[in-house]
Amino acid sequence: MITAPICEFVRRYRYSGALRMHMPGHKGTALLGPEPLDLTEIEGADVLYHAEGIIRESEANAAALFGTKKTVYSAEGSSLCIRAMLYLALLHARANHKKPVIAAGRNAHKVFMTAAALLDLDIRWIYGTESVISCAITPAQLEDVIVSENPAAVYITSPDYLGNIADIKSLSTVCKKHGVLLLVDNAHGAYLHFLPEPMHPMQLGADICCDSAHKTLPVLTGGAYLHIAHGTPDMFAQRAESAMALFASTSPSYLILQSLDAMNPLLATSFPAQLKACAERLDTLKAKLRAHGYALCGEERTKLCLLPKSFGYTGTALAEILTHHNIYCEFSDADHLVMMFTPETTPADFARLERALLSVLPAPAILSKPPVPPHAERVLSPREALFSPSETLPLSECENRILADANVSCPPAVPLAVCGERLTPEVISAMEYYGTEHCTVVVEQSLF
């Protein structure tokens, strides 16, 4: 039976009558409500990233549930895990006398770019053709990239923001053939292991991946996992905590840790059945929406991505209609409307959304299409650009300048251009399409 040792410790401490002569400063006084459960790393509470007690026990429970060699908690989301993944890949490259080259799908989150800059990694981009947010990579395409670029690791995002899922099993086969690590940003896919047919990267051949537990599981915002697969070099499991500690706060939230801990008994009992029911309800809703005339994309079982232009609306306009029904979406732009579901989405919630979407009548199709992801010209490395003197200018004054910062908003935080790339007319045009108004660019004199 899987227990929740962190939660049990904190509850005992809460009701022990202890005098809190330690941080946090609220001393357990309930100003917002959860303060009595908010602790720091006192005696018995263990130390995140040097876990030997209750945190280590809880993480071992999570590793058993996800089928991993090691799972480490993050109280700072997948952003922290991505940095740790890349650091481990860098250590592996140096141990094997390889250049720190990462081949990455172009739809990588901006944290990938900033982490690569901090670690001075060399990126070889793999471009898709669908949209900026998606980047389908075929095994044959990956084979060509590995042969030509000889990367130390391959980095992909799956599922992506639109619900597209990569063929991780086939991509893993190509990586293993060439002795290359496969790293997966699985931030949107923590639930995938608990479907009737598990689809989690750890079961499909990834070496290391991150999950944002808070995105698709009932976990507080900031809760995430770093997973190390069975069969990977022991160094990864041995250095995973120190890799996280390199970038992490030394004051982790015990509210988030309890949330991750409390998730384990749920994953071991009722969650898979609840998830199956949620996915089936969404399948039914998707069928009704298609019959009404909506176009959909993505394979995710708990994500709904509409392509509303063929129905006569932009994603932004349709999202605004839904707000009048007091329904708020995950993401919208000119071309997409994204909504995320979990077992916490009740049958009544499904019915309410269905009524709202089916009440919208079709209009003449909007024929405009998103720009093809532009292949930008690299002038500086991400590190050189990020640490160069810079200035922020209106987009109209940035043509042919060199981008100095990944200045994109979240969601979905997928940059059109990367630090060190030239802002060509094609890139500027794409930025205009997505509403970018300003860019931070390298001061030209600093190049000489």
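In this predicted model, strands β1 and β7 (residues 224-228) run antiparallel and are joined by five bridges. Within this pairing, Y73 stands opposite Y225 of β7. The two strands belong to an open sheet of seven strands, arranged in the order β1-β7-β6-β5-β4-β2-β3 with mixed pairing. At its edges lie β1 (70-74) and β3 (122-126), each of which pairs on one side only. Direction ignored, neighbouring strands of the sheet are turned by 20° against each other on average. Helix α6 (residues 168-177) packs on this sheet, where α6 touches both β4 (153-157) and β5 (181-185). The direction of α6 makes about 150° with that of β5.

Y73 and Y225 form one aromatic cluster together with F66, F194 and F271. Across the model, the count of aromatic pairs comes to 13. One of them is formed by F66 and F194: the ring centres are 5.2 Å apart and the planes stand at 80°, over the 60 degrees required, so the pair is edge-to-face. This pair links distant parts of the chain, since F66 belongs to helix α2 (residues 54-66) and F194 to the loop between β5 and α7 (201-204), 128 residues apart.

F194 takes part in a further pair, this time with F271. Here the centres are 6.1 Å from each other and the planes make 85°, again an edge-to-face arrangement. F271 lies in helix α11 (residues 271-292) and F194 in the loop between β5 and α7, so their pair ties together parts of the chain that are 77 residues apart in sequence.

The charged end of R106 sits over the ring of W125, at 4.9 Å from the ring centre. A second case involves K303, whose charged end sits over the ring of Y161, 5.6 Å from its centre.

Conventions: Residues numbered from 1 in each chain as written. Predicted model: local features only at pLDDT ≥ 70, side-chain atom pairs only at ≥ 80, totals over all residues. Heavy atoms only, no water. Pairing = 2+ DSSP bridges. Helix = DSSP H or I, 4+ residues; strand = E, 2+ residues; numbered from the N terminus. Axes fitted to C-alpha atoms, helices over the stretch in contact; angles between N-to-C directions. Contact = heavy atoms within 4.5 Å. Phe/Tyr/Trp six-rings, centres within 6.5 Å; stacked < 30°, edge-to-face > 60°. Lys NZ or Arg CZ within 6 Å of the ring centre and 35° of its normal.
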